[in-house]
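Please keep the sequence and the structure at hand while reading.

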Amino acid sequence: MSFYEMSFELTNKCNLNCLHCLRDKSDMRSSISTGLFDSILKQAKAYSLQHVAFTGGEPTLHPQFDRIVDTVVAYDYTYHFVTNAWNFLSVWKMLNDPAHPGRMHKLSGISISLDGANETTHDFIRGKGSFKKILQAISILRVKGVDISVQITVNKKNFGEIEQMAMLASELGLKRLFYAHLEPTTLAFAQDLVLSPQQYREAEARVEKLKKAMKIEINFSLGHHEQLPFFQCRALTMYSPNIDYKGRLSFCCQISGYRDADDEGLDVVADLNTVSLFDAHKAWADAIHTFNLDKIELIKNNQLTELDAFSCYYCSKYFGKIDWMEKFPDNPWAQDVLKTRHTHRMKRHVPGRKKP
Ligand code: SF4
Ligand code: SF4
């Protein structure tokens, strides 16, 4: 179901500085303009778009988050957002403004990031006071019957708490729980948070067991080990286009604005400030086609490595997001990158961008 939903990185602003954060913090702080946002949603009507998702940075820090939500409501889409809950009370007040009943009516859920089964682990990753704020937000949302999902990024610090985190989510009465692999960054390497490939597999196996044992809905998010080499994720099937805070359509938010990588990377497909959604869609279809042809060639020549089975890791490597790993030659991820990084890269022109 292509273009069922659209995902917006509303802003690169954030009130936290999590140790595992994927996003580049050196870029100037900015947010998508409300004019461009409105124009994209208007064009998306032609696709019978149903749903809008907000990520960031911290999406609620968009300086006109209320207006953004009202635009979604005006176009009759549903929406949900990912949040670190630091700002939750003021956002909740805005959403419940009686003058704007559509804000709650069209809200389909809130996804909260949790990174430990206890305050010590979680706050080590996300900063002091974060755990308490999350528990407060969850208790308010539960009373109001809002659909809550929690996402946990598994790393060396919380690896021993995978099962306790499921217990905590169950005790908190959450509807669903997602585990995700950490996307490696220089900071995560420096903090010794990055698990080995074997530990990635172990985490997946433990989550698989939890799925069977627990009543709460549990899933591993994108990026887990894939049996089929020609796996097509939601981004590759164009289910949900990703628009970044600069108004650019990119492959997906998993690798967008990657810390220590080129911001003008080839995962950026088109600039919606200068081209229509339809032309951006064509460029995206073209880019996915090239991506797939490259993958088929690798399969044909038996050139995929064992670690390429981690789908988001494969993309990080393919799009040159983790070339910096050469600084860590003893690490198994880095050894894989050094072995294969230059064998496949799409070369093409991005519509809306000046030719070099
Ligand atoms: S992980 Fe999310 S909440 Fe944490 S610093 Fe990055 S954008 Fe902010
Ligand atoms: S990084 Fe690649 S595999 Fe992962 S969600 Fe994005 S396009 Fe899909």
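## Burial of the cysteines

A residue counts as buried when its relative accessible area is under 20%. The model is a predicted one, and by this cut-off cysteine 21 is buried, because its relative accessibility is 15%. Cysteine 18, with a relative accessibility of 8%, is likewise buried, and cysteine 252 falls in the buried class at 18%.

A disulfide requires a pair of cysteine sulfur atoms within 2.5 Å, and under that rule the number of disulfides in the model is zero.

## The surroundings of cysteine 21

Cysteine 21 belongs to the loop that runs between strand E1, residues 5-9, and helix H1, residues 34-44. Once neighbours within four places in sequence are set aside, the contacts of cysteine 21 are with Thr185 and Arg259.

## Packing of H10 against H11

Helix H10, which spans residues 277-300, packs with helix H11, residues 311-318, at an angle of about 105°, and the two axes are 13 Å apart. Because of this angle, H10 is described as roughly perpendicular to H11. On the H10 side the contact is made by Thr290, Phe291, Asp294, Lys295 and Leu298, while H11 contributes Tyr314, Cys315 and Tyr318.

Key
Residues numbered from 1 in each chain as written. Chains lettered and ligands numbered in written order. Predicted model: local features only at pLDDT ≥ 70, side-chain atom pairs only at ≥ 80, totals over all residues. Heavy atoms only, no water. Buried < 20%, exposed > 50% of the residue type's maximum accessible area, 1.4 Å probe, protein only. Helix = DSSP H or I, 4+ residues; strand = E, 2+ residues; numbered from the N terminus. Contact = heavy atoms within 4.5 Å. Axes fitted to C-alpha atoms, helices over the stretch in contact; angles between N-to-C directions. Parallel < 35°, antiparallel > 145°, perpendicular 65-115°, else oblique.
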